[in-house]
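Q: I'd like to go through this one with you, starting with the strands and then moving on to the helices.

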Amino acid sequence: MSRMMRALALAGAAALMSTAAPAQAQQPQIAATKVEGTDNVYIFRNGNHQAMFVVTKDGVIATDPVAYGRPTGGKSYVDEIRKVTDKPIKYLIYSHHHYDHIAGGKAFKDAGAKIVAHRRARERLAQLNDPATPLPDEVVGDRGRTIKLGGTVLELKYVGLNHSDSTLVMRLPKEKLLFVVDILPVGQVPGRGMIDFYPTESEASIKRIIAMDWDRLIPGHPGPGGRLGTKKDAQDQLTFLQEASTAMQKLAREGKCWEPAEKEFKLSKYESWPGYANNLPFVARRYCGLWGRGT
Ligand SMILES: [Zn+2]
């Protein structure tokens, strides 16, 4: 075989291998990982969803069971916490009312945790009464709440309407870490969640989040390569939404919503972001609703 042929054959084999076994497929379904640079902050991941938990000397603060369509997901999460500590699980905080993040809380209640959520999350959950999603035991109002446990301070902040009307942004001031679910996808185009999205208010919410004191952000869905978010990612997401809004406003005022506008709508600057092709139609639909219908 000539050198050229061998090089081509090797390249072909490498291409085949990378198709057959992408890095993503090699990941286990469930994993708990300590956040680098912290003593006691962990990320629990189940498939494409993730949540934060904090282990203190007086007990554990857990968030989001992430068990929608995964009947044993809540139990698996508790089991992962048990591999790290035998301290009691004191709290389970819901980031917002969407089931893909908060179904599966029963295992935590059985373990003795108190479920905490924003007031609006409780109202919505009570209306729908999903069998997999226990109601919160305690609610937080718009002024937020600070949880102190075993030397850890966790702030629960309400920053207004955004991805939902019930989102709590969680901040660990000492670690300068945020746990923010679905408002700020890291380096990605937002998708189906746009159905419950408040376009104008979101921009104000994101500005409030950027103004907080933090260095790293744990998103509710793993970022590209599993990386955490930065303030630049938050600013980039804000710019993306602003540009989407401006582009659709123009089309809507030409009378093109829904179909012609949704077909013409492109934000080619973001083509390299994961989810661009699949998710852009959801972004288009939401902003057509805003600028084409006033909703
Ligand atoms: Zn959501």
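Q: What's the bridge partner of threonine 33 in E2?
A: This is a predicted model, and in it threonine 33 has isoleucine 43 of E2 as its bridge partner.

Q: And in which sense do E1 and E2 pair, over how many bridges?
A: E1 and strand E2, the latter covering residues 41–46, pair in the antiparallel sense, and the pairing runs over 5 bridges.

Q: What's the strand order in the sheet?
A: The sheet is open and has 7 strands in the order E1-E2-E3-E4-E5-E6-E7, with mixed pairing. Its edge strands are E1 (30–34) and E7 (138–140), each of which pairs on one side only, and the twist from one strand to the next averages 20°.

Q: Which strands does helix H5 lie across?
A: Helix H5, residues 119–128, lies across strand E6 (114–118) and E7, and runs at about 105° to E6.

Q: Switching to helices: how do H7 and H9 cross?
A: The axes of H7 (residues 231–253) and H9 (residues 276–293) come within 9 Å and cross at roughly 55°. Angles of 65 to 115 degrees would count as roughly perpendicular and those under 35 as roughly parallel, so H7 and H9 are oblique to each other. The crossing of H7 and H9 is right-handed.

Q: Which residues make that contact?
A: On H7 they are Ala244, Ser245, Met248, Gln249, Ala252 and Arg253, while H9 contributes Val283, Ala284, Tyr287, Cys288, Trp291 and Gly292.

Q: How does the contact of H7 with H9 split by class?
A: By class, the contact of H7 with H9 has 8 nonpolar, 3 polar and 1 charged residues.

Notes: Residues are numbered from 1 along each chain as its sequence is written. This is a predicted model: local features need pLDDT of at least 70, side-chain atom pairs count only at pLDDT 80 or more; totals for chains, interfaces and linings use all residues. Axes are lines fitted to C-alpha atoms, for helices over the stretch in contact, and angles run from 0 to 180 degrees between N-to-C directions. Helices (H or I, at least four residues) and strands (E, at least two) are DSSP runs, numbered from the N terminus. Angles under 35 degrees count as roughly parallel, over 145 as roughly antiparallel, 65 to 115 as roughly perpendicular and the rest as oblique. A crossing is left-handed if the near helix is turned anticlockwise from the far one by less than a right angle, and right-handed if clockwise. Two residues are in contact if their C-beta atoms, placed from the backbone, lie within 7 Å. Ala, Val, Leu, Ile, Met, Phe, Trp, Tyr, Cys and Pro count as nonpolar, Asp, Glu, Lys and Arg as charged, and the others, Gly among them, as polar. Two strands pair if DSSP finds at least two bridges between them.
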